[in-house]
Amino acid sequence: MGALESILTSPLGRRAAARAGLAEPPVLRRGRVLPEGPVLLADLPGGGVARATLAALGLPVAEPLLDLPENRAADERGRPQPPRYELRPGALVIDATGIREVAQLELLRQVLRPVMKRLADSGRVILLATDAATVDGVEARAVAQAMDGLMRTVGKELRGGATANLLWLAGGVGADDVGSTLAFLLEGRSAFVSGQAWRIRPRKPGDRAAPSGPAGASARPFEGRIVVVTGAARGIGAAIARTFRRDGAEIVAVDMPAAGESLAAVANGLRGSALQLDITVPDAGARIAAHVARVHGSDAKIWAIVHNAGITRDTMLANLDERRWASVLDVNLAAEMRINATLVDAALAGGLAENARIVGIASTSGWAGNKGQANYAASKAGVMGLVRAEADALAGRPITANAVAPGFIETDMTAAIPFVQREIFRRTNSLAQGGQPVDVAETLAYLCDPASGGVDGQVIRVCGQNIIGA
Amino acid sequence: MSTRQAVIVGGNRTPFVKAGGAYAQASGHDLLTAALDGLVARFGLAGERLDEVVAGAVLKHTRDFNLTREAVLGSALDPHTPACDLQQACGTGLEAVIYLANKIRLGQAAVGIAGGVDSASDAPIVVGERWRRALLAASRARKPLQRAAAFAALRPRDLAPVPPGVVEPRTGLTMGESQALTTRRWGITREAQDELAAASHHHLARAWNEGFFDDLVTPYLGVARDTVLRPDTSVEALAKLTPVFGGAEGTMTAGNSTALTDGASVVLLAEESTARARNWPVLARVVDAQVAAVDHTTGEEDLLLAGRRAIPVLLARNGWALGDFAFIEIHEAFAATVLATIAALEADGVGTVDRAKLNVNGSSLAAGHPFAATGGRIVASLATMLAARGPGAKGLISICAAGGQAVTAILEAV
Ligand SMILES: NC(=O)c1ccc[n+]([C@@H]2O[C@H](COP(=O)([O-])OP(=O)(O)OC[C@H]3O[C@@H](n4cnc5c(N)ncnc54)[C@H](O)[C@@H]3O)[C@@H](O)[C@H]2O)c1
């Protein structure tokens, strides 16, 4: 801990920091826990899918208050105020999938205004819209896109650890396709996901996985399913392994041979198995499959592979030699590509299951670029391209490929950043704090959920709505 | 005859570390537990009950009377896994494999682990005889004065701990001194010893670089590779070392003798059909084993050459000759031990050892020699090499041990 860090984290320093505007960040709701307070549903004209989905998740809904002139009351100084929720709502779900006209956007304003200052701590605003790419007509497409700017602003204005996110639904999407996503967003699992928009489409033919269970309940969607996690010896990877295990998975933990001691501890602690493997060796995919077959039997298949292993070799491009360039691209991108190419072979013992999930880890650096991280940013942007391309290439099979892009996550990796810089990175997001490894893990587990077959080729940022590239 | 076969499924060891190094604070119990946990993780056995774990140590504290059972309880295995300690000096690890293989073949076990551990750093500190007698007298005393009297006769030097002895009780010679006699008797040259030592280091270094140990070793306490290993050593560099055994004309140096080492190794064995049903790799079966002993007390026979007695018996019983083996593993207690064993086998008309098949991935000179852990190291490595060679490939193991004994065994890829 540097001198400045010691001062700022001391009681006196904390008070001084609070006065300077560096308030203590809110404590986020985490886990499979629903928001405190009622879930409001604004079922706007032409909607319906949200109501069906919430019903399928077993969640009762309440009607939102509308900010109409006749509903306003004057405050003590005579200024008209929006109608006030006596009980602070836990979440507002807006089904705007039928909204096609600019004038109709006013309906969103009407339901949003009253919740902005009354939403419970770690509350949720979830907006459902129709995918702009799939609506007809100039106005409809413009309107669909308008929701994005609206949602991002809501995320920035909300306080107390509340988040806002937007789902773009393709035509034909039903409650079974959206259920796992709505449950994830409402629950504490999505604590550090805010200001994000991603797409949901109908699950592919042949996707035989069961729909999402009830929201807010403990669930073991990976019971009896094998999940491979690379880079699992520590940090985010270890948290990923723990989270999937909590949800029932049989864990195969992969990391460098040199990390074998902590890898074994992670694996044994989760009653999983350990594979000491440098993922950059040419036969890495085959070795993963062989390990799965060896530990789980020749009929065993991988339900999900989480490509978490990653390295940084930071330096300004002006100093970047071919070694630092190649090692980062190989570990972070090429290895993952090779391994997937091997594992998708349906005939491979210990390969990917018919209905498997592939997930990668990108980074906000890949999204926005970052000084001193040319190699890393290229590799991580490459991961986004890779999962999109794999989703396209696997269109005929019920396998999905997605990625998360973490922002500032509290790990050994980020603890090494000098304090002032670290404090800036950590604070410059709508939740005013760094994320926890479990936040990345929960998002990956959601993407790998058997009920998440409608989410494919998506990249979800887990960054607390970091201002970088947002 | 039983048709049950005992097969090697896999193995694990800690990296081996020079005594007094990174494992100085680790007990034998810690090391064995770590080796077990690495194996458990590799095969996903956490929480599983195995039929038996057998292991041992040469240097053992009295508190470790139940070393293996305690290590099982400290590991991720189901605590209902029974365990047994076994000891046969440096032959312990291989003898443990034989014990378990025999039980498997007899139907008394289907899946088990055999291994060994030694920590020269954690060797028991023994108090002197006069100090021990005084303690006993004091504990018998009834009055404080009597108790004080019990210690009155002690001299300061009586309080110094007795260093752990590795001398042969019947000859009073250390291992190195005994081997020096053998080395001279068989005319083993300094150059030949240094060549063998250099080759051991080069072979082991190559194996590490090729990733051979990725599935055979789990790092421990931050150590990821054997620390005795000197990849860049050479015959020239070794030639510069001063002899430590054999007096003025001695040829045995610290470079061509094994170093005191800390480490543990374990091997997963199973009955073949069980292994196949679980889709485990069937690396090699344990074909046969033979122990033998020499009478070194007369000075007529060489302490560490009991292999020349065991190997011919083993070969004859199985109808094989030295030339039938793809690999031959002769434990490198000293470079000269290996060379004298080969010379003795030739002299006895047993056959010649093709040096190209000898210790091809290095042996104890380079890896180090935590006494009871050497057998497990050799078995797991040899089984892996045989499996890569393909069905029918055979390997011979010979490990010399204190007391003039040798433990030998044959493995065959299936
Ligand atoms: N920490 C953050 O804030 C942050 C932000 C964005 C993205 N990420 C990404 O999240 C992932 C995990 O990050 P972390 O902070 O936990 O990092 P970490 O360095 O703590 O852990 C990474 C793990 O990957 C392993 N690994 C590296 N190269 C490997 C190889 N060739 N084969 C097998 N394993 C290998 C390492 O041994 C290590 O255990 C990485 O992909 C990283 O780029 C992290």
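1. In this predicted model, the ligand is surrounded by 25 residues, and the closest of these are Arg234(A), Ile236(A), Asp255(A), Asn308(A) and Tyr376(A). By residue class, the shell around the ligand divides into 13 nonpolar, 8 polar and 4 charged residues.

2. As to where the shell comes from in chain A, at least two of its residues are supplied by each of helix H7 (235-246), helix H12 (374-393) and helix H13 (412-415). The space that the ligand takes is the largest pocket.

3. An oxygen atom of the ligand lies 2.9 Å from a polar side-chain atom of Lys380(A), and a polar backbone atom of Ile409(A) is 3.0 Å from an oxygen atom of the ligand. On the side of nitrogen, a ligand atom of that element is 3.0 Å from an N or O atom in the side chain of Thr411(A). The ligand taken alone exposes 830 Å², of which the protein buries 92%.

4. Turning to aromatic pairs, the count over all chains comes to 9. In the pair formed by Phe43(B) and Trp280(B), the ring centres are 6.0 Å apart and the planes stand at 75 degrees, over the 60 degrees required, so the pair is classed as edge-to-face. Phe43(B) belongs to helix H1 (residues 28-43) of chain B, whereas Trp280(B) lies in the loop between helix H9 (272-277) and strand S9 (284-293) of chain B, and the pair therefore ties together parts that are 237 residues apart in sequence.

Methods
Residues are numbered from 1 along each chain as its sequence is written. Chains are lettered from A and ligands numbered from 1 in the order in which they are written. This is a predicted model: local features need pLDDT of at least 70, side-chain atom pairs count only at pLDDT 80 or more; totals for chains, interfaces and linings use all residues. Side-chain values use heavy atoms; hydrogens and water are left out. A residue is near a molecule or strand if one of its heavy atoms lies within 4 Å of it. A polar contact is a pair of N or O atoms within 3.5 Å; within protein, one must be able to donate a hydrogen and the other to accept it, and residues adjacent in sequence count only if both atoms are side-chain atoms. Accessible areas come from the Shrake-Rupley method with a 1.4 Å probe; for residues, only the protein chains shown count as cover. On a 1 Å grid over the protein atoms alone, a cavity is a set of points where a 1.4 Å probe fits but cannot get out, and a pocket is an open set with protein on both sides within 12 Å along at least five of seven lines; lining residues have an atom within 4 Å of a point. A molecule sits in a cavity or pocket if more than half of its atoms lie within 2 Å of its grid points. Helices (H or I, at least four residues) and strands (E, at least two) are DSSP runs, numbered from the N terminus. Ala, Val, Leu, Ile, Met, Phe, Trp, Tyr, Cys and Pro count as nonpolar, Asp, Glu, Lys and Arg as charged, and the others, Gly among them, as polar. Rings of Phe, Tyr and Trp (its six-membered ring) pair if their centres lie within 6.5 Å; planes under 30 degrees apart count as stacked, over 60 as edge-to-face and the rest as tilted.
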